[in-house]
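Please consult the sequence and structure displayed below while reading.

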Amino acid sequence: MSRWLPCALLMLAIGCDDCGEDEPEPVADPLPGTAGLRSVADFADIADEEARSVALFEEMGKVLTHPRCVNCHPIGERPLQRAGEPHQPHVVRGEDGHGAPGLPCASCHGESHFRTVPGNPEWHLAPAEMAWEGKSLAAICGQIQDPERNGGKDMEALLEHMESDALVAYGWDPPEHLEPAPGSQALFGQLARQWAATGAHCPPEPTGDVEGPAEASEDEVSPEAGEASAPTEKAE
Amino acid sequence: MPSSPPASSFLRLGRRGFAAGAGSLVLGVVLRRHLRADAPGPLADVEGGDASPDLWIALEEDGTARITCHRSEMGQQVWTAMCQLVAEELEVPWEKVVVEQALGDPKYGDQNTDGSRSVRFNFTRLRIAGAAMRQMLEQAAATRWGVGAAQCRGVQGEVVHEGSDRRLPYGELAAAAAALTPPPERRIQLKDPDQWRYVAKPTPSLTIPAIVKGEGTFGIDVRLPEMLYAVVARPPQVLGSVRSFDDTAARRVPGVVRTIQLPAITAPVAFKPLGGVAVVARNTWAAIRGREELEVEWEAGPNASYDSEAYAETLFAQVREAGRVRRERGDTMGALDSAHQRVEAEYYVPHLAHSMMEPPAATARWDGDRVECWACTQNPQAARSTVAQVCGVPEANVTVHVTWLGGGFGRKSKQDFVAEAALLAREMGKPVKVTWTREDELRHGYYHTVSAQRLEGALDESGACTAFLHRTVFPPIASTFQEGANEPGWGDLRLGASDTPFAVPHLRLETGEAEAHVRIGWLRSVANIYHAFAVQSFVAELAHAAGRDPKDYLLELIGPPREIDPRTEGAEYDNYGSSMDTHPIDTGRLRAVTEMVAELADWGRTLPEGHGLGIAAHRSFTSYVATVVEVAMVDDRLTIPAVWSVMDAGTVVNTDHALSQLEGGTLFGLSNALYGEITAKDGAIVQDNFPRWRVMRMNESPPRMEARLVPSGAPPGGVGEPPTPPAAPALANAIFAATGTRVRRLPIFGADRRDRLGGAR
Amino acid sequence: MSITLTINGEEHEVEAAPDTPLLWVLRDHLGLTGTKYGCGVAQCGACTVHVDGVPRRACVAPVGSVAGKAVVTIEGVSGPEADAVREAWTELAVPQCGYCQSGQIMSAVALLKSRPSPSDDDIDRGMAGNICRCATYVRIRRAIKQAAGEGER
Ligand code: FES
Ligand code: FES
């Protein structure tokens, strides 16, 4: 689920004729719930549409806030890894999301997984304006619908992206030692579509301000990494 | 043969039984040696050992000087340093110097490249060897010209006749010189230091031009025809063993040739291989893959309950008990009891791993009952004896070629990996290279010991320190060689504990017992790491208690310039193998580096918000280093904007390379203090690779570092290790200055770094 | 399985499973031992090579993935950046043991190719993936600046 927004940008550029203005259709054939993610059908009996929409988004939130997703939407310029520790070595987003000169993501992340090192041809980091590490679900919900902060996508582009992007798919297919995002991409896509069809409502801000973690400083000696790491987990 | 064979020997004429070096085409024209078996040459026993020129130098007809380096090159630039010494007195152009790595052989004297002693112990004899050969060349020219030798001078590869300006290149004189007997020591004329061209200068490195092209042969790079590659699955616990294993899946991995069970280890562990099951394959990757498929059931053995967390508590309990007194001045306990103010603190330093970038690697090849080994060893003589002992062959049957070492730091002084290669090669009947993976290196090390220390100080009304108690508890290095050894030895204590040079009326060192449950080894500067951390941190704590500036207080504790001899206060003290006459504990020099570094760092200046300076000074390996660290703690994030280090190592052979050691050794100390921690659970080591074992990276290194050497004509001191000890306490003192939080337990960033910065203990 | 590799401009046929790390193919099959092993898990940078001009950790690059691409190792890296880096490395005596330096040089060359005048920050970011246990970082930083034509003082 990580890094899907910039890819959507690309899709917009090349094939946006299909991006309809029509209202999203409700999901006709709900997939069953799986792997910790509930089915669209499980929300059918919430009578109030707005409440249903919010509940659907909260279900999507299990994916959106999962480390497989958040790790590459960091609030600073440094990605996280594994269960959400700062990435070791200290790598950064760089100008185009593909890392720093001299140390691009592709130095280590190839086109496919290699043992404990995840791979994907599109492997890169979401742009800074799409960061949601540490943000509330309400904030993320607002953010992903805002073309200013979602890479200029309208709702249909956003939905297609969630359903079918290959780098989004990584979230459910990481190397063995990493926990996949809940459910499946198809199920997540259905939840998103149903959420849109029910008005794309957002959960309320939780009471009390939720602040993201402080900006990770670039030259700190103490990136908190290497900490709390399960000894069996290798570098992501 | 290796693609680029580690040069090991070269043709010497007239030497008994000395084989031509592998691949060497040298027309070695060397000095004829009197049959040494009957009569050693006149220079066979000078200060530092055998200085016979033919042991060290072969001149070729084109003027090339092949100089033997008997120490191991591991980044300290010992190739360059040893050659500088010989070439200085031989008077050859630097471009004509070619280094030859010596085989392991007692004829060279000590070859154990640790203890920061290569230059310290060879400074005189290598210059004598060079001068002797130069004088023989001068004599040969004098004879040729029919003039007096006093008129002939060897200068940059030629002998020049001062009267006529005639000159002859060394290459033309070599054969005639070889027929001469070396002059006796009393007739050797060494240059005055002001005539040196290479020594005490930034003479260019002999290794770096090859390194930047990816050339040079490290232990892991050795390749022999028909060689097989092995990795070993070793018991997770020291003294554990194989209960059973199933290699069905392992042998199915393409490229895997065979698995071999190695003999179980018995105590004491010494340098013996750890046992386990080897996977032998046609390439390294197949061996690694095969090992992953190997199923081994282990017998955990006697160390299975070793748990670092619990053990730390044991050490702390022990360090709170009165210990055995090892050095005493005055009545320390009485002075503490009647102190105006009594200051106490306890420190903890965990196990550390060497983690040199090249893990251990060795290759062996048998021919009948003789074995030839190639290894990145710091100690080829010990490699020989270990292989001989483990394989049950006479030492004379073992040849050890020393490759380059991709870092040593003490790990490669231990020869278990060389013996593994020898055992496996014999079993396979083919050459075998054993490669240690990073996981192997971290899980099966000879770890820097774990220690707890308690310090107590008595302050009088004026804040002056009147009594200083240092109690240190750690499993000693001796435990590796002697089963059950659990008491700190003088060899551990002389490293920053029994030689504390403070001017206090009452001073005491105590030790307590602690059992070892892993192999304890020595790591760059050894016990100085934890002793300097505790002592130099405590100095700043005393200063704080007294309301004084830490630098001033440190200088006051060091006291006036004088010489200290711990032996007068009950300590056994060997002064790192150097004489107390030539290398005294000189508090004047310790003061001087402290004052210099303070000036360099502009100590006392107003610092930005959140910044702090810390200082520490320490003598080790007969050299003196003081370091100032600046930290910045902003938003609970620690950075190190700058570091300053000053070293007085006496006469320094290569000023540039010594500075490089000062920089690197200081950062090595900071890296360990920040991140270094090896822990055991159920007797097995938890850390398996980076970043669970973490070392400093570029982005964590100080953007600004200034290193300086004190110009000195004193005899050479150590260089490779002395920079490390003051780094950690200077850092901890800086953190205190910046934050008011005292770090007494290393590393600073462990799994629970907030607790540690919170000052627990 | 036979794989054709282009290494330092030369073609090589190697017999290896496509998921074998390039590192071991270089070192064991081809004898190009300048590329070093330090961790095997993309943490230390000792094994850095260039693949189609991009730095790549050979220990986690399956050899099959570089077939048909241009692989350059420390033995073959050339061009103005490489020359400048080697010269600065030698002049400032950067390496100690040298074991990490093949990787450091390959990363530094890649850094300079995309950042001809790197700042301290650029150096931190570009070189963070290369561990030097001898801790030659002070000199690496200095040498990169010198190679960029901005020698200190
Ligand atoms: S060996 Fe490849 S990064 Fe360490
Ligand atoms: S120079 Fe030794 S590891 Fe870098």
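Accessible areas are calculated by the Shrake-Rupley method with a 1.4 Å probe, and for residues only the protein chains shown count as cover. On that basis, chain A has an accessible surface of about 9,600 Å², of which 52% belongs to carbon and sulfur atoms. This is a predicted model, in which local features need pLDDT of at least 70 and side-chain atom pairs count only at pLDDT 80 or more, whereas totals for chains, interfaces and linings use all residues; side-chain values use heavy atoms, with hydrogens and water left out. Residues are numbered from 1 along each chain as its sequence is written, while chains are lettered from A and ligands numbered from 1 in the order in which they are written.

**Confidence**

- The model scores ipTM 0.98 and pTM 0.93.
- For chain C, the mean pLDDT (the predictor's confidence in each residue, from 0 to 100) is 96, and 97% of the residues of chain C reach 70 or more.

**Organisation of chain A**

- Chain A contains 7 helices and 4 strands; helices (H or I, at least four residues) and strands (E, at least two) are DSSP runs, numbered from the N terminus.
- Along the sequence, the elements of chain A are arranged as α-α-α-β-β-β-β-α-α-α-α.
- Of the contacts in chain A with a separation of 6 or more, 71% involve residues 24 or more positions apart; a contact means heavy atoms within 4.5 Å.

**Salt bridges**

- Over all chains, the structure holds 75 salt bridges, each defined as a side-chain nitrogen of Lys or Arg within 4 Å of a carboxyl oxygen of Asp or Glu.
- Arg411(B) pairs with Asp416(B) in a salt bridge whose closest N and O atoms are 3.0 Å apart, and both residues are buried.
- A salt bridge also links Arg438(B) to Glu441(B), at 3.0 Å from N to O. These two residues are 3 positions apart in helix α12 (residues 438–443) of chain B, about one turn of the helix, and both are buried.
- Between Glu456(B) and Arg454(B), the closest N and O atoms of a salt bridge are 2.9 Å apart. Glu456(B) counts as buried because its relative accessibility is 4%, and Arg454(B) is likewise buried, with a relative accessible area of 13%. Through salt bridges that share partners, Arg454(B) and Glu456(B) belong to one network with Arg320(B), Asp337(B), Arg342(B), Glu344(B) and Glu346(B).

Notes:
Buried < 20%, exposed > 50% of the residue type's maximum accessible area, 1.4 Å probe, protein only.
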